[in-house]
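Hello,

Here is the structure I promised to pass on to you. Please have a look at it, and then read my notes below.

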Amino acid sequence: MRADLLVAFSALSPVLAAAGSLFSIDTDELLSNSCCDLTYAQINTVNERVRPKLAQLVTEDYFKHYKFNIDMNCPFFECQSICFSPGCQLDLDVHTQDYDLDLENDNKLGDLNEDSFLDLLCPTDNQNNVIKSEEWCEFNDKNGVIIDITRNPERFTGYIPTPEQNIWQMIYQHHLEGECPMEQQVFYQIISGFHSSVSTHLSNEYYNNVTNTWEPNLELFNFKVGDHPERVANIYFNYALISRAILKLEPYLPEITFNQHNSANNQQIKSEIKQILHELPHDLDVFNENLVFQDHGIRDDFKAKFKNVTKLMDCVTCDRCRLWGKIQSMGYATALKILFENPKSIKSLQKNEIMSLFNTFDRLTKSIQSIQNFNHLQALKDASADQEKEEQFKAPLFDDYEDDLLDIAEDQSEEPLEEYVPKDGKSVKTAFWEEIDAVWGAIKFIFQSYIDLPHNLKNYVLYHGYVMWAKFIGDRDFSAQKNEEYLHNIVAATLNH
């Protein structure tokens with residue numbers, strides 16, 4: 001019965017997602033009555049066409065290599081780049097000898113025709129971190145190395161930040177002040193959508209140490225995103241914003257050369273981008289940027305706040321989390337630069353900015369796809385719960401074995417057999433198999449404890465390593481309470497694994 005139900009709902013789930021609700025959101029509603037003419041259902045339809053094309057585009061060398069400073073340079077507080085989880089580590093094996101590198105060329109304004117993976121991120125006149133007024137992000141990768149992000153996918157790492165180094169909490173505190181409700185709302189929606197999109201990726205790529213596979217974790221997603229419809233809505237809002245920025249990039253596409261050493265590959269990349277642009281809605285106000293920042297003073301305040309967001313990403317102590325936080329914060333900053341600066345600023349975009357913009361859009365398309373999948377999983381879970389509740393209240397039915405007992409009782413001349421009444425509405429067969437399942441569960445638990453022993457020993461060693469390290473470096477803030485909090489985090493991570 002349950003298998004049939006699964007098949008039935010798997011067939012119906014795309015219809016439910018397109019015409020029904022999406023985590024308590026009516027998919028026929030507009031994203032925003034003020035600046036967007038798109039509905040959630042329309043974005044879902046667009047994303048089904050865009051997602052496979054964009055996933056292919058970001059595997060090109062130009063888009064999968066990112067210049068990243070692996071040395072932390074947090075400007076807000078002192079922190080140590082220590083993450084005990086193996087998932088925090090970066091794969092730095094780039095194989096740069098496979099590429100034709102041109103180390104002499106500067107990445108000057110307009111030099112988008114350079115396919116050098118070690119070109120400098122900033123223009124020559126910005127090498128001393130003097131950021132031009134139109135810049136929306138912090139450039140600090142002068143001494144960076146090239147990371148192949150396809151070898152370092154964004155997924156759950158087990159990273160648990162300390163409360164005093166909660167980056168997201170700090171970012172939300174950088175709100176806009178003054179009488180600017182529209183801009184305040186836009187700032188919050190961008191940050192919330194960014195945060196929620198990251199949480200969606202981590203929930204969708206969650207490591208199951210029992211099956212040794214990366215798989216969706218519905219409970220984690222609901223806790224982080226699904227139980228908060230406004231967070232789902234903000235992911236869709238960011239999708240519209242990034243889409244609008246990419247559409248504004250379209251007239252300048254002929255001026256950009258993605259591979260000057262291979263004309264065929266250069267034309268292939270342009271062709272792939274044109275296919276993506278073709279799928280985006282040109283006839284609707286995807287995002288009307290003219291309604292925002294009519295006051296240039298508010299725009300400058302907004303820009304300063306968002307630049308601090310990109311700076312805060314340098315304070316994340318998980319290297320892989322910091323990499324993807326930096327890429328996506330730069331992607332949003334690039335989109336804002338395209339939307340709200342002078343059009344000539346588009347010609348000054350750097351390679352890392354274009355790369356970040358398209359990879360951020362790729363992350364959003366993945367988020368939209370994952371949200372729909374989680375919505376289907378939730379529908380299946382709810383249907384299964386309803387089915388079990390319905391079966392629980394059904395009148396108990398006697399099986400063949402019970403019928404035989406009743407027949408014997410009727411034929412006996414002595415004291416009649418007391419009428420058989422199943423306990424808790426369960427048949428003898430059901431009770432028998434429940435006992436078998438209980439025994440089997442106990443056996444599995446015993447064997448699983450042996451399987452988990454190395455993992456638990458690892459956590460034990462990491463915990464004592466942390467204690468010894470804190471004492472070795474003379475951490476004055478280290479205390480019994482902090483020790484207990486860290487042990488609690490290790491145990492919580494083990495239980496959630």
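**What I found**

Ser192 is buried, with a relative accessible area of 2% (buried means under 20%, exposed over 50% and partly exposed in between, using a 1.4 Å probe and protein chains only). Helix H5, residues 181-204, is where Ser192 sits; helices are DSSP runs of H or I with at least four residues, strands are runs of E with at least two, and both are numbered from the N terminus. Apart from neighbours within four places in sequence, Ser192 is in contact (heavy atoms within 4.5 Å) with Tyr172, Arg231 and Asn234.

Before you go further: this is a predicted model, where local features need pLDDT of at least 70, side-chain atom pairs count only at pLDDT 80 or more, and totals for chains, interfaces and linings use all residues. Residues are numbered from 1 along each chain as its sequence is written, and side-chain values use heavy atoms, leaving out hydrogens and water.

Now to the cysteines. Taking a disulfide as a pair of cysteine sulfur atoms within 2.5 Å, the count is one. That disulfide links Cys74 with Cys315, at an S to S distance of 2.0 Å. Cys74 belongs to the loop between strand E1 (65-68) and strand E2 (145-148), and Cys315 to the loop between helix H9 (296-312) and helix H10 (319-340), so the pair ties together parts 241 residues apart in sequence. The link of Cys74 and Cys315 is right-handed, with 85 degrees about the S-S bond.

Cys74 counts as buried at 16% relative accessibility, and Cys315 is buried at 1%. Cys36 is buried too, at 1%, and Cys318 is buried at 0%.

Best wishes
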